[in-house]
Number of protein chains: 2
Amino acid sequence: MNAVQGAPDMPHIEDGRVTTAGRMLDLLRTRGTLSRVELAERTGLTPATITNVVRRLIDDGLVHETGRDQQQGRGQPRRLLELNAGAWYAVGIQVDLTTTTIVVLDFAGDRIAGASLRGSGGDGPETTLAALAEHVTALLRSAGVPTDRVLGAGLVTHGPQDRERGVLLTAQPEPEWLEFPLTETLSKRLGLPVLLENDATAAAFGEQWAGAVPTDTFGLIYMASGIGGGVIVDGESYRGRASNAVEIGHVALSEGREPCVCGNRGCAQAEAGPRAVVDQVLADGDLAERLGVRGAHDTTLVDFERVARAWRGGDEAAGALLERSARWIGQAAVTLVNLFDLDTIVLAGPAFVTAGPLYRRHIAAELELRALSRTLSRPEVLISTNVDTAAAIGGALHVLRTMPIDARVPRPSADALETIPTSEGDR
Amino acid sequence: MNAVQGAPDMPHIEDGRVTTAGRMLDLLRTRGTLSRVELAERTGLTPATITNVVRRLIDDGLVHETGRDQQQGRGQPRRLLELNAGAWYAVGIQVDLTTTTIVVLDFAGDRIAGASLRGSGGDGPETTLAALAEHVTALLRSAGVPTDRVLGAGLVTHGPQDRERGVLLTAQPEPEWLEFPLTETLSKRLGLPVLLENDATAAAFGEQWAGAVPTDTFGLIYMASGIGGGVIVDGESYRGRASNAVEIGHVALSEGREPCVCGNRGCAQAEAGPRAVVDQVLADGDLAERLGVRGAHDTTLVDFERVARAWRGGDEAAGALLERSARWIGQAAVTLVNLFDLDTIVLAGPAFVTAGPLYRRHIAAELELRALSRTLSRPEVLISTNVDTAAAIGGALHVLRTMPIDARVPRPSADALETIPTSEGDR
């Protein structure tokens with residue numbers, strides 16, 4: 001929405017509020033099929049309004065009728081409505097220092113294509129975005145999705161961000177990323193509108209939409225190269241002042257000492273994030289050699305995954321390091337739970353692919369020991385159902401939910417493409 | 001709302017949503033006077049709806065017309081609407097181990113009476129509530145407010161609470177407070193509906209309504225005997241799962257070591273709250289004697305105020321202890337700001353009456369040094385405009401905004417009063 005200019009024909013969101021049409025599309029996307037009567041019941045709108053909006057949605061090719069409800073005991077069976085899955089598509093792109101995940105969702109929110117690649121590494125934003133655009137274009141082509149049926153792309157990164165302007169407000173991972181026009185550049189390369197979103201918020205949003213979490217108020221800890229957090233309250237993302245909320249990686253821990261990139265000391269990320277675990281392995285030369293951990297800047301998650309696999313294979317030293325990390329992140333989770341009043345924490349992000357069960361157990365133990373609400377309800381810790389793709393899926397869902405359907409930016413002309421610096425060879 | 005049974009005639013809030021009438025009363029309470037046209041502009045409702053609802057509000061004696069808008073350049077001057085300040089009243093009662101504040105607000109939200117008393121001390125809830133009821137009754141009588149014009153009372157305490165059931169979910173300050181039916185007992189004694197509210201949330205809500213904070217998204221640190229937190233996002237209280245959010249007193253601090261009542265170690269409250277400061281003074285016999293600090297359990301804030309006054313009088317040892325406390329609370333504020341994405345923190349609560357400026361300065365310095373958003377915007381720290389009464393005011397405003405006007409519980413009969421154990425003498 002933010003990167004889009006011009007007056008949309010049928011926006012889902014106006015002034016931050018979901019429109020009537022948007023609410024109906026949301027309901028159909030979550031429920032699969034619904035009758036007009038059910039839509040009226042769930043939205044509280046009059047049957048006349050429902051009829052009018054449904055007619056427009058059918059005329060616009062977004063919704064179709066699909067048989068009748070056979071469950072009805074009396075009266076006429078009701079015609080069921082369903083989204084046209086092929087009406088539109090959306091792309092979600094999660095990019096991080098060490099991992100990139102791309103997903104393509106159809107209009108019904110189902111994943112039709114996906115790719116996992118290495119992250120930005122030491123590359124600058126120009127090179128990274130050029131390669132991303134190539135991958136997205138290739139993925140859409142192989143999935144048979146024409147670009148002019150794609151509503152847009154959700155670019156999902158760490159924060160802090162300025163979502164309105166589509167830039168990072170941090171010099172991480174390299175100074176050239178600070179204030180680089182990410183959404184503008186990627187939008188020109190893809191010929192699609194691009195929205196910027198925080199990785200942990202996107203993952204929490206993706207989990208909420210997947211319907212895998214049994215409550216509509218929960219926190220999420222997202223661990224890739226760094227550690228982020230997201231909170232869903234009553235089904236909506238907590239955004240704070242400017243959507244740079246829930247930076248759980250920078251909760252300073254009791255007894256923490258390590259200096260952090262943020263300038264503070266003892267932050268969860270500096271003490272217990274994947275990089276900290278890898279550094280602790282490297283401090284023991286024999287252990288590093290046994291686990292095959294090399295310690296390069298841009299392969300932190302590869303190394304971390306080696307530690308996790310060694311733990312799963314029974315390596316006690318690897319397990320001890322991961323347990324230490326998990327207990328410390330559990331302490332940060334206590335602060336998250338105490339400040340946001342939560343009883344459910346979801347773990348998502350590529351660092352949890354193998355190590356998830358170990359982290360789940362120790363974070364749950366810390367919460368049971370220390371959370372203020374522990375006597376009110378047993379805190380629950382769940383592993384995401386899309387542990388390594390939750391953020392990319394959330395980015396694409398965000399596009400499906402919020403992108404005005406007729407307000408996409410024009411595809412770039414050949415001229416426009418020539419003014420963009422090209423990728424420096426193959427990444 | 002929670003303590004009220006039966007179907008209200010004109011509720012302000014239904015299913016957690018403010019009704020049309022409630023929104024108009026809110027606007028008039030904030031703005032003072034508005035014309036029907038302005039109400040239509042600000043609510044987005046049609047002039048016909050505004051006319052109908054205003055007619056009902058006037059018939060019910062809640063609103064009256066008060067002259068005409070002279071600013072209009074063209075057309076008929078518009079008749080202005082105003083709340084009937086004397087239509088209804090609400091009581092706010094903040095009670096804590098060491099302080100009690102009672103305020104009476106009229107329907108327009110203006111304070112017409114107030115009292116400051118000692119806190120619950122070692123007393124149990126029965127004794128405390130009996131004394132509170134006596135004070136409230138006396139205050140209403142001296143202000144000339146008949147009980148049958150009082151919408152209800154907001155009882156404001158520390159958490160965690162079960163607001164629905166009107167009980168504390170903590171054994172602080174004494175075990176007998178845990179699960180004691182606070183709102184039910186006080187409601188019977190007062191013959192009024194009683195709502196339970198968290199002190200820091202109430203203070204934040206009160207600040208928002210006073211219009212003293214220049215943003216509608218901010219955090220508040222509430223320091224009385226303990227330390228609590230509240231967050232307002234887009235003008236509404238952040239409540240989390242069950243309104244026990246923002247327990248900033250239990251953020252474990254980097255390098256923190258002290259055991260806390262919550263079972264954790266290194267919590268802000270245990271390291272740096274008023275009791276910790278008083279205990280540090282007591283550890284130095286000469287200093288304790290010089291400052292007149294005695295250290296009794298139920299006079300923590302009296303002792304803390306002595307330390308604050310000594311600092312203001314130039315006592316360096318007192319200043320050093322307060323500065324240490326302020327810097328540590330500043331670290332907890334960094335976590336609050338990083339997790340909730342805030343750039344404004346308000347300080348409220350009786351502990352800030354004298355020491356506020358010192359805390360403001362050091363908390364601001366910590367935020368400027370460590371908050372993740374420090375490069376985006378300079379974090380601002382403000383002292384509440386109602387530093388010692390913000391929580392009580394917020395409690396009363398909460399009643400004015402949410403209490404259904406015709407659903408008050410019946411006044412107790414003489415029989416009912418006799419079944420309630422009486423207060424054991426004078427407190």
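Mentor: A residue is called buried when its relative accessible area is under 20%, exposed when over 50% and partly exposed in between, with a 1.4 Å probe and protein chains only. This is a predicted model, in which local features need pLDDT of at least 70 and side-chain atom pairs count only at pLDDT 80 or more, while totals for chains, interfaces and linings use all residues. Residues are numbered from 1 along each chain as its sequence is written, and side-chain values use heavy atoms, with hydrogens and water left out.

Trainee: What makes α6(A) mostly covered?

Mentor: Ten of the twelve residues of α6(A) are buried, among them A:F205 and A:W209.

Trainee: How do you know that the span of helix α6 of chain A agrees with its twelve residues?

Mentor: The expected span is 1.5 Å times one less than the number of residues; for residues 199–210 that should be 16 Å, and because the end C-alpha atoms are 16 Å apart, the two agree.

Trainee: Why is the meeting of A:D343 and B:R241 called a salt bridge?

Mentor: The term requires a side-chain nitrogen of Lys or Arg within 4 Å of a carboxyl oxygen of Asp or Glu, and the N to O distance between these side chains is 3.5 Å. The count between chain A and chain B is four salt bridges.

Trainee: What is the area buried between chain A and chain B?

Mentor: Buried area is the accessible area (1.4 Å probe) that two parts lose on being put together, summed over both, and here the value is about 3,600 Å², with carbon and sulfur atoms giving 52%. In chain A, the residues that lose the most area to chain B are A:R241, A:L339 and A:D341, together 23% of what that side buries.

Definitions and conventions. Chains are lettered from A and ligands numbered from 1 in the order in which they are written. Helices (H or I, at least four residues) and strands (E, at least two) are DSSP runs, numbered from the N terminus.
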